[in-house]
Amino acid sequence: GFISNYSYFWNNSASGNGGAVDVPAGDSIVRGTSVNQNHATICCSGLDFHAAGASTVNVTQSTISGNSSSTFDGAALYVSAQTTKLYNNTVVYNSGPSKPGVEVNAGSAGSTFTLASNLLSSNTFGGSKDDLSVGSGVTVSGDHNLIRNPGTGVPGDTITGKCPLLYPGQFLFLNTQWQFVIRHEVNSPATNVGSNPKNLTADQRGGTTSATSPPRVSGEPGATALPLFAPRPHRPA
């Protein structure tokens, strides 16, 4: 298995699969982790979890962006497990020849996929834009996601077809997570429309605790949200 807490995987390259991390067996937990600008020649340019069997993969409060594949599949986050759980992640600007930003497949009979309060947008493959693919035999549940171009079935309250209006990725504070801050001042459809099923005390989409500049989530829609590690509003240059 594999565990990553508040870590960085940046600018790595693989001649095969898994540009940043390739996990062939066991359970995996990823939290507060940035996976950016990695490359795989064949498949799964960022995180590749193909443990299958009775494994569980949990990715929470993480940013996966700017990863690319060159010759086959392109999913920046690939999972084949019995239980897949994605909470409060940002997956944007990844590219590849034939797969979307996130691909989730069944690792065994009765596989489940929980998708809650994630932001998926602007992932491309070939000439198409597609942010999510879920394979057959996977039961999907969840709520409060923004998935701009879902290529598969998603929870009924998912916001689709809308650009989240993000600032370019940046470090808002020294030694903190790479963040794509939401542009609240131009009425981003992602503003404060998430949920917080894991009771997180921080959101990695940026913002402050003030009502005029909240991050996307940390509470039900309309609730006051919390920043990542330290409060400071992002101001455009």
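User: Before we start, how are residues numbered, and what pLDDT do local features need?

Analyst: Happy to set that out: residues are numbered from 1 along each chain as its sequence is written, and side-chain values use heavy atoms, with hydrogens and water left out. As this is a predicted model, totals for chains, interfaces and linings use all residues, side-chain atom pairs count only at pLDDT 80 or more, and local features need pLDDT of at least 70.

User: How many helices and strands does the protein chain have?

Analyst: Both are DSSP runs numbered from the N terminus: helices are H or I over at least four residues, strands are E over at least two. On that basis the protein chain has zero helices and 25 strands.

User: Which residues cover the two faces of strand 12 as buried positions?

Analyst: Buried means under 20% relative accessible area, exposed over 50%, and partly exposed in between, with a 1.4 Å probe and protein chains only. Five of the five residues in strand 12 (residues 77-81) are buried. One side has Leu77, Val79 and Ala81, and the other has Tyr78 and Ser80.

User: Which residue stands opposite Ala81 in strand 16?

Analyst: Strand 12 pairs in the parallel sense with strand 8 (residues 47-49) over three bridges, where Asp48 stands opposite Tyr78. With strand 16, strand 12 pairs in the parallel sense over five bridges. There, the residue opposite Ala81 is Ala106.

User: In strand 13, what is the bridge partner of Asn58?

Analyst: Strand 9 (residues 56-60) has four of its five residues buried, so it is largely enclosed by the rest of the structure. Four bridges join it to strand 5 (residues 28-31), running parallel, with Arg31 opposite Thr60. Five bridges join strand 9 to strand 13 (residues 83-87), also parallel, and the partner of Asn58 is Lys85.

User: Is Ser34 buried or exposed?

Analyst: Ser34 lies in strand 6 (residues 34-36). Leaving out residues up to four places away in sequence, Ser34 touches Ser7, Tyr8, Phe9, Thr63, Gln177 and Trp178, where contact means heavy atoms within 4.5 Å. At 0% relative accessibility, Ser34 counts as buried.

User: How does Trp10 count at 33% relative accessibility?

Analyst: Trp10 belongs to strand 2 (residues 8-10). Together with Tyr8 and Phe171, Trp10 makes a nonpolar surface patch of about 290 Å². At its 33%, Trp10 counts as partly exposed.

User: What percentage of the residues in the protein chain count as buried?

Analyst: Among contacts between residues at least 6 apart in sequence, 73% join residues at least 24 apart. Of the 237 residues of the protein chain, the buried share is 53%.

Notes: Patch = residues over 30% accessible without salt bridge, like charges linked within 9 Å, V, L, I, M, F, W, Y side chains within 5 Å. Areas by Shrake-Rupley, 256 points an atom, 1.4 Å probe, with all protein chains shown as cover. Salt bridge = Lys/Arg side-chain N within 4 Å of Asp/Glu carboxyl O. Pairing = 2+ DSSP bridges.
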